[in-house]
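Here is a friendly walk through a two-chain model, one region at a time. Please have the viewer open as you read.

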Amino acid sequence: MSKPIKQVHLAAHFPGVNNTTVWSDPAAGSHIEFSSFVKLAQTAERAKFDFFFLAEGLRLREQGGEIYDLDVVGRPDTFTVLAALAAATERLGLAGTINSTFNEPFEVARQFASLDHLSAGRAAWNVVTSWDAFTGENFRRGGFLPQDQRYERARTFLSTAAELFDSWRGDEVAADRESGVFLRDGNAGAFRHRDAHFDIEGRFPVPRSPQGRPVILQAGDSDEGREFAASSADAIFSRHGSLEQGQAFYADVKGRLAGYGRTPDQLVVLPAATFVLGDTDADARERADVVRHQQVSGPTAIKLLEQLWNADLSAYDPDGPLPDFDPLVGEHTIARGRASVRMHRDPVAKGREWRALAEEKNLSIRELIIQVNGEQTFVGSPTTVAGQIDDLVQADASDGFILVPHVTPGGLDEFADKVVPLLQERGVFRTEYSGTTLRDHLGIGEPR
Amino acid sequence: MTTGPHLAVALDSAGWHPAAWRLPEARPDEVLTARYWVEQVRAAEAAALDFVTFEDTLALQHDPFNPSQRGNTDRVQGRVDSVLLAARVAPLTSHIGLIPTAVATHTEPFHLSKAIATLDYVSSGRAGVRVRIAWEQADNRHFGRRDIGATDLADAHHGDKTSPLSDLFDETADYVEVLRRLWDSWEDDAEIRDVATGRFVDRDKLHYIDFAGRWFAVKGPSITPRPPQGQPIVSTLSHAIIPTRLAARAADLVHVTPTDRADATRILDEVRAEQAAAGREHETLHVFADLVVFLGETGTAARDHKNRLDDLAGAGYASDAEIFVGTPAELADLVLDWHTTGLSGFRLRPGAVPHDLAGITGGLVQELRGRGRFRTGYEASTLRGLLGLSRPANRYAA
């Protein structure tokens, strides 16, 4: 008895504020004008994607004490642009990244419940944590949160928000003109929550939304982050798109679900994936190489190297060799407001690895960065890419992918036009939406 | 250009009367859906009104002027966030201004600034925001973050600058200052996309706002570039001297609640005096009078309409604003008369929708047009433009 064939889930990530996004491409449009968001979202909906995804950053990044100017800079407000997109789409899920450190549960729950009503059940919340005082300088709170408390706050933030969503059961509104009874239950929306982070009570002002609660996404990769996802998330946004890493991650997080009384189908694993298509695989490889050189210019290569080295390397030639000293350990001072910096867990070892690689292959700084910055997840003809996606999903390396185009807003067109029909022919991707809510698309059922 | 009053409509639940939802044509079970609001805003836009406002608070609706006998279970309860609602409506409309309501007291100016800037982008320059305080302990307990102290609304009238209520308004003035600085924190031409040097922005045209006040400090710059209008419209509602001072210091537009023509004159004098005291006598501060309107084709029909609602509610309707009951022609007479005091215009609160909204968009507007006192179509594409305000220079531009 063979395994049943899994259906692929796909999401569209609006190109990010980082060097993956190629703003210098002649086809690159605005990252701020609403028309760019409409264009990408409508492409995703035309292709029957599960959802559209927006990242967030709450302070402009800095490097070397100055605002970082080599990448796309600037983004709209997440909630506002998603609410507007609800008017430009009908079925597509609308996922927003909202920080649990610089917000309050009451306000965020109110906003997501509102978005879920205004989109008729398509809202999703990617819960992220942050602690840095740098970002805190834009907020009343400032940078108060010790690093080791960020997941604790995130967990209690999310469970508090869930209490608020659940404060309305959904049957309280009678709206009976004859009797004059609008609310059957004069206590609807009542809540009270007390813990070390939140001490709140009152009545929640938004009646139960179509999905009950928004779909919860989580992107943490640490042991704590995975545990958080296993306990609380409906979908996990991972960085492990390859077969081996993907399978290991998939088995790990799905294996944690039983501990929370959950079944494997209740957590959808969606790695981020970049892609470059071509008429042939060889053509795609050539295009991919061009894109990677666009993504890593000489100045960008130096800046990315500085992020590992934690040192000013502006005197170095990007076409020359790497520094002959180790990355500086201790407090990271060179780059601020950038999550990727925290991913370098052992900078000295990583720096030695890069130097050895550069020496072995005789790579310049720029060539080395292009190499370690990672190849695109999928490079090939539409047939090849559709096959890879299907294979990875069937092999339980993922349940689908969050696709990150490198050009705004047309970067998904080719995928929608050429790869999606092949996935549909294979019988692993929907040809029409079968439900109306994002929970329907993801097949995750009602909130627990 | 016509020389009549500006006209706006204040949208809220099924209308402003607590029993409005019980009329046969009301759709009280749809107040959480987008379609319900889109239809109302489109009706206002078809009449070329200047803007609509969306009421909002951080708590379930409760009307201090019309207390309920049944713990508010006899009136519409529950609503969606008005900033999101305005954004949801924006792509489906094209000319009308959209002014949601935001509470300053418990929220982050950084978040609201980018939200309103984004509303301005998704509406192509039609955004505004009405800022208000939250003075009740119930709101405070939703956040549990600060003790705002016991406030007495009566303090709003005697102008004591040391009262807790006055502090909330002072904090709101700081909040608006932060909104405005963040909107200017990107110069218009900061995004350069200079392929030759690899620079996406000219960082010399991005500005730290470095605001530090009694209640918060905000570094900046915004994450969202300067919005299409440069500065979206900021409005407030005032019934007394303390909130009028906030409007005089910080707003582009203030809603006031005169009881008659003479009261309108008195209020205007007070607003202008406070504006001068704040050093803004040369800036435009629009003053809009609020009226709750119950309309009918005849005076009797209008009175019957309101009486029916009062009967359903079991009490006569009361309001902070003057209540008008009559025909569209009589309302036209009133607004043209009050307009001569120097009021910029009127924000009309329909007693019940769709009835009184249609009375405004069909009745009143047609009446004013017949007298040559209201535009027959839009003459500007931004809210600032509709209000006769130019796009302001950036405070940080050299």
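## A helix in chain B

H9(B) has 15 residues and reaches 21 Å from its first C-alpha to its last, close to the 21 Å expected at 1.5 Å a residue; the expected span is 1.5 Å times one less than the number of residues. Before going further, note that this is a predicted model: local features need pLDDT of at least 70 and side-chain atom pairs count only at pLDDT 80 or more, while totals for chains, interfaces and linings use all residues. Residues are numbered from 1 along each chain as its sequence is written, and chains are lettered from A and ligands numbered from 1 in the order in which they are written.

Which residues of H9(B) are buried? They are Ala302(B), His305(B), Lys306(B), Leu309(B) and Ala313(B). Here, buried means that 20 or more other C-beta atoms lie within 10 Å of the residue's own, exposed means 12 or fewer, and partly exposed is in between, with C-beta atoms placed from the backbone. The face turned away from the buried side carries the exposed residues Thr300(B) and Asp311(B). After H9(B) comes Gly314(B), with a positive phi near 80 degrees.

## A hairpin in chain B

Strands E6 (191-194) and E7 (199-201) of chain B run antiparallel and are joined by two bridges; strands pair if DSSP finds at least two bridges between them. Glu191(B) stands opposite Val201(B) in E7(B). The two strands form a hairpin with four residues between them, and Gly198(B) in the turn has a positive phi of about 80 degrees.

## The barrel of chain A

In chain A, eight strands close into a barrel in the order E1-E2-E5-E6-E11-E12-E13-E17, with parallel pairing. Neighbouring strands of this sheet are turned by 30 degrees against each other on average, direction ignored; axes are lines fitted to C-alpha atoms, for helices over the stretch in contact, and angles run from 0 to 180 degrees between N-to-C directions.

Strand E6(A), residues 123-128, is joined to E11(A), residues 215-218, by four bridges. Across this pair, Asn126(A) stands opposite Leu217(A) and Trp125(A) opposite Ile216(A). Both faces of E11(A) are covered, with Val215(A) and Leu217(A) buried on one side and Ile216(A) and Gln218(A) buried on the other. E11(A) also pairs in the parallel sense with E12(A), residues 235-238, over two bridges, and Gln218(A) stands opposite Ile236(A) there.

## Helix H12 of chain A

Helix H12(A), residues 365-372, has Ile365(A), Arg366(A), Leu368(A), Ile369(A) and Ile370(A) as its buried residues. They pack against helices H8 (281-295), H9 (298-309) and H11 (347-361) of chain A. Gly374(A) follows H12(A), with a positive phi near 95 degrees.

## Where the chains meet

How many residues of chain A are in contact with chain B? There are 62, and they touch 59 residues of chain B. Elements giving two or more residues to the chain A side include helix H2 (78-88), helix H3 (105-118) and H9.

Technical notes. Contact = placed C-beta atoms within 7 Å.
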